[in-house]
Amino acid sequence: MKLSNIKRFWISFILAIPMLIQMVAMPFHWMMPGYNWIALITTTIIMAISAAPYWESAWAAFQKHNANMNTLVAVSTSVAYFYSIFAMFTGREVYFESAAFVTIFVLLGDAMEEKMHDNASNALAKLMNLQAKDAEVWRNGEYIKIPLVEVEVGDLIRVKPGEKIPVDGVITDGSSTIDESMVTGESMPVAKKKGDAVVGSTINSNGTIIFKATKVGKDTMLSQIVDLVKKAQTSHAPIQNITDKISNIFVPAVLIIAILTFIIWFAFLGATAVEAMLFAVSVIVIACPCALGLATPTALMVGTARSARMGVLIKNGEVLEEASDIDTVVFDKTGTITIGKPVVTDIVGKQDEVLTIAASLEENSEHPLAAAIVNKAKEAKVPLEQITQFHAVEGKGIRAIYQKQNAFVGSEKILKDAKISQEIIEQAAKLQSQAKTVVYVGLDTTIIGLIAIQDTPKPSSKEAIAELKKRGLKTIMLTGDNEKVAAAIANEVGIDQVIAGILPTEKAREIKQLQSEGRKVAFVGDGINDAPALSTADVGIAMGSGTDIAIDSGGIVLVQNDLCGVVRALDISKKTFNRIKLNLFWALIYNTIGIPIAAGLFVGLGLTLSPELAGLAMAFSSVSVVSSSLLLNKAKIAGDSKKA
């Protein structure tokens, strides 16, 4: 059975207690009866249980002509251990305690890292335990309770006040307020009504609701969050490759320094072989870059766990590192800066005719503006007509045969060769100046009317843009809408630059253009047509309310449909990456300063390090790096209303 690092540490520490007692008693000239045999037995067990994995790792690296952190641990402990066996049987002073305590102190750092991993895993397990155990499902004409695993997509589920919502779905009847804090980080309950989405494991506060299950099992939002956080915490940031390269150079260099230390002290400075060996072993121990290995993964674990609690899912260390260096944030407009639920505000021309033609064509479209037109037709109780030869013109509109005539609905880009009156032109300009999107409706080659549609900015958009600009970031809006409407929305929320009137396929091209100018670009979007831009940007940030393909394309997912999450994502990324760099700096400086002291350069000043003290100092380095990473939980992040 493989023991955990934590168990190995405590077993080794208990076994080393006799040696600890002897070390404390030595200044008083007291010798424990049979000490050498006790030390030999306990150290041998410690070597077998605790040091063996380090030796195995060092040997595996040696076979590949490499050296790693465990090489230093293996060399230092084996030198002290085997010399002590030799010394014991030849009547010399033994140093079993050096081998034992170096191993124990290395294990202390490993145990702390393992404890962090366990805490992270336990936190995820607790998150999964938030799920309801059963659900009240409509079956055979009545509501019955069934185990959660038996719930299927399409089931109607009833949830009473105070109960957990078992799976993701859409409300079909009733209204309530839902506590979604466990998955979104939002502390205030959210009002929900018919047609609104609900998330599994959230808590229904005060009303009975009935909803239709849309996602169950591993497809629920909670399961996806847990999966994303797990992957992020076990991922590597590119900077980790630097630490691996440093170790490959640093470890052989330390071994050479240790050998030179032994030779200089023994051959030139008059030290005995034992004294020279202790200096060399101390060099190896103090230089062990265990803290270097902890610097990145511990900060990643803390940073990604905290961001998840705030409703920001960072997929891996590479994304986090890229996000820390962003200088330009590009936004899609519809559904990202704006609410994404546009409504018809004006109809120019014969209302019933214009609305009938437009809605008949748009009924087959999935565009948000199409939904607004169809909904308006339903409200006005305008009948829809059958159409044929439906053809969507990407980024422009729709053409089809309506009552044996060529009909079209779309933006200005569909107006080629169309006849348009001066009155229509003036009306369109007026509506666009009011930040309304204008849809042209035509028969044959004549524009017969206009439909004005408006989508208002989200309440959080202006605040989020202001916060990004405070951080010195350039903000750009990328949209297929016309320039006047885009400019009006941009002015309202404070966007620096607008790139309007572009096709969905051109969004990625615009991102590449910005990158060619030397900019590090984050793109924020939520629709299927945003997927290429999300993938092209240095960092893609997908709104959690968006489509699955957009979420898959984004390196960061915002669980809340709130642009303030962009600020939080960039803040936590920058602070986590800065913490990684601080950890690496501390680990390297610590080793660099410690080596000359361990080598005996300051003996004349009375400053020396025994192998045990070197091990303790090295362990302190690891503890300091872990503590530094844990301080990320206290770092100030924009909009974090919950106590870390």
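Modeller: Strand β5 (residues 176–179) and strand β8 (residues 203–204) run antiparallel and are joined by 2 bridges, where strands are DSSP runs of E with at least two residues, helices are runs of H or I with at least four, and both are numbered from the N terminus. Two strands are taken to pair if DSSP finds at least two bridges between them. The model is predicted, so local features need pLDDT of at least 70 and side-chain atom pairs count only at pLDDT 80 or more, while totals for chains, interfaces and linings use all residues. Residues are numbered from 1 along each chain as its sequence is written, and side-chain values use heavy atoms, with hydrogens and water left out.

Strand β5 is also joined to strand β6 (residues 190–192), by 3 bridges, and these two run antiparallel as well. Ile178 has a bridge partner in each neighbour, namely Val190 in β6 and Asn204 in β8. In a regular strand the side chains alternate between the two faces of the sheet.

Asp168, in strand β4 (residues 168–173), is buried but has no salt bridge, and Lys215, the nearest side chain of opposite charge, is 5.6 Å away. A salt bridge here requires a side-chain nitrogen of Lys or Arg within 4 Å of a carboxyl oxygen of Asp or Glu; Lys and Arg count as positive and Asp and Glu as negative, while His and the chain ends are not counted. Leaving aside neighbours within four places in sequence, the contacts of Asp168 (heavy atoms within 4.5 Å) include Val198, Phe211, Lys215 and Met221.

Elsewhere, helix α17 (residues 483–493) has Val485, Ala486, Ile489, Ala490 and Val493 as its buried residues. Seen down the axis of α17, these fall within an arc of 130 degrees, so they line one face of the helix; the arc is that of the directions from the helix axis to the C-beta atoms. Glu483 and Asn491 are exposed on the other side of α17, and the elements packed against by its buried residues include α15 (422–433), β16 (437–443) and α16 (461–470). Just after α17, Gly494 takes a positive phi of about 95 degrees.

Most residues other than glycine have a negative phi, and most peptide bonds are trans. Gln389, although not a glycine, has a positive phi of about 55 degrees; Gln389 lies in strand β13 (residues 387–393) and counts as exposed because its relative accessibility is 63%.

Ser573, in helix α21 (residues 564–598), counts as buried because its relative accessibility is 0%, and, apart from neighbours within four places in sequence, Ser573 is in contact with Ile314, Leu320, Ala323, Ser324 and Ile556. Gln560, in the loop between β22 (556–558) and α21, also counts as buried, at 13% relative accessibility. For the chain as a whole, buried residues make up 52% of the 644 residues.

Key. Buried means under 20% relative accessible area, exposed over 50%, partly exposed in between (1.4 Å probe, protein chains only).
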